[in-house]
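This report goes through a few side-chain features of one structure. The sequence and the structure come first, and the notes follow.

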Amino acid sequence: MNETANNDYKKPLFAFAFALAAWLFLVSESLWSAIGIWIGNEIYNHCLIVIPASLYLIYERRYEIDWAQAKMSWLALVAFIAQLALFILGSAADIQLFQHLALFTMLPTLVWLFIGNRLAWDIKFPLVFVLFAVPVGEELIPILQEITADMSVFMLKLSGIPLFRSGLFIEIPQGKFLVAEACSGVSFLIASIVLGNLYAYMNLVSWKRRVFFVCLSIIFPIVANSVRVYGIIYIGYATDMEHAVGADHLIYGWFFFALVLVCLFLLGEIIRMSESKKVRQNSETEEPLTKQSKKESDVKSSISKQTIVPGILIVVIGSIGLAKYQDYRMQSVDSQIVLEMNLNSEGFDEVNHNHRVDWKPRFADSSREAKYHFTNGLLDFDLFYAYFSGEEGELVSSLNRLYEQDRWTLVEKNTVVIEDTTIERHLITTSNSIRKELAYWYVVDGNIADSFFEVKLLQLLQKLKGEQSHSFIVIVAIEVNLTESFNNDEINKLIADIIIKQRLSLN
């Protein structure tokens, strides 16, 4: 690009710099919250290099693009307004996913706005790649746990190993294994998807091969992680639990993750070489490559050597994140929650059983919490509250847990309607086969909400009114003894009594 063209684009460049500064000022709070998630959660450590990688990919193509052709795009302006509306909605309703999604779609849209449709299309992958900075994917953990458990049990049965499965617990004669959150392979999966997209863009030309390799980068780590869990259980079975327990899990996990990446790249190289061979055959037997095709081929060849650089960075950052211990400490509990019920005078007796199995939910950044033990004469149960003032923390969030994932596992869940209220019920168990029946619902500003969407809608309405939203979750945990039969109707009646008393207390 000559000096004249460079001078012609100075004014739009200054305008873009001003718009970028305004964007940073607008989203600064959400951006810092996203960075906090990137650093504090090993699943999202890869997000730290997404934007630098996007800038690098654009920098690599600086001589291929005629920046003098840059011009404003009104289509991008429409998209930016829609994204801004989504950001405002997410801020008002306190939905971090909406905020982060809008945040990292507005950034490439700003670039698109100032360089125009044609140039934005030329660098479409680096712009779209920015979306990998959105900290999303943790919601897949329960699904991946189930898939991993199903596939590993299938392979264990093929190996003739006797087993008993209860939820995510897999018991063999030598011991019991839990397919915990760390065993879901979500970190492997997300890192593989990011690397798969990078490799496909930097090394493959055909769109069919690119799509195939990206699909491979999704399926391969899921299958590989199931094989890893199967291998750990098989080693425990073969060595009478001398190996594949404790720290061995981490060691095997690190080595296996490296092996998965190496295998994935080897498969990618096979695809790339077959593609290059086909291109050479076409150039010899048919028309020679056009000037543009040769140029694109040369670019792919030159940057393919640098594929390992972002790969190593992601592996290093991911390894550091895996070594971190996440300490989710609950805030001090204020036993006098204003919105709670006084069940002592309503046919319920407060009890204190030291032998009860400790069950501890986790709600990040809650304002106040309380847990009590009651009995109605037939059933003993825990009553738990987590209160949110609306200033910080989210009542409905992927960070919240109904139980400790490393101690309890889900056996089954269902939804029931009691007293015109939709109640989620989860049956959970420990490694000692102790079970609890959990039932929970949300209350927002005195209204019992039936779903996640209703919670967010009620909170949004309060924000639009200019009022602070007060909300909390109620969890009833009933210990179920397997040696005794329990009546489902009795549990439903207990939940109905609590809901009725709660409504009376709120009124």
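In this predicted model, the charged end of K124 sits over the ring of W121. K176 is placed in a like manner, over the face of F169. The table gives the distance to the ring centre for each.

| Charged residue | Ring | Distance to ring centre |
|---|---|---|
| K124 | W121 | 4.3 Å |
| K176 | F169 | 5.5 Å |

F169 comes up again among the contacts of T429. Leaving aside residues up to four places away in sequence, T429 touches S166, F169, R407, W408, T409, V411, I434 and R435. T429 belongs to strand 8, which covers residues 421–429. Is T429 buried or exposed? Its relative accessible area is 1%, so T429 counts as buried, the cut-off being under 20%.

Aromatic rings also pair with one another. A pair of aromatic rings is described by the distance of the centres and the angle of the planes. The count for this model comes to twelve aromatic pairs. In the pair Y440 and Y442, the ring centres are 6.0 Å apart and the planes stand at 80 degrees, so this pair is edge-to-face. Both Y440 and Y442 are buried. Elsewhere, one aromatic cluster is formed by F125, F129, F132 and Y201.

On the surface, I218, I219, V223 and V227 make up a nonpolar patch, and together they have about 290 Å² of accessible area. V227 lies in helix 9, residues 207–238. With a relative accessible area of 35%, V227 is partly exposed.

Methods
Residues numbered from 1 in each chain as written. Predicted model: local features only at pLDDT ≥ 70, side-chain atom pairs only at ≥ 80, totals over all residues. Heavy atoms only, no water. Patch = residues over 30% accessible without salt bridge, like charges linked within 9 Å, V, L, I, M, F, W, Y side chains within 5 Å. Areas by Shrake-Rupley, 256 points an atom, 1.4 Å probe, with all protein chains shown as cover. Salt bridge = Lys/Arg side-chain N within 4 Å of Asp/Glu carboxyl O. Helix = DSSP H or I, 4+ residues; strand = E, 2+ residues; numbered from the N terminus. Buried < 20%, exposed > 50% of the residue type's maximum accessible area, 1.4 Å probe, protein only. Contact = heavy atoms within 4.5 Å. Phe/Tyr/Trp six-rings, centres within 6.5 Å; stacked < 30°, edge-to-face > 60°. Lys NZ or Arg CZ within 6 Å of the ring centre and 35° of its normal.
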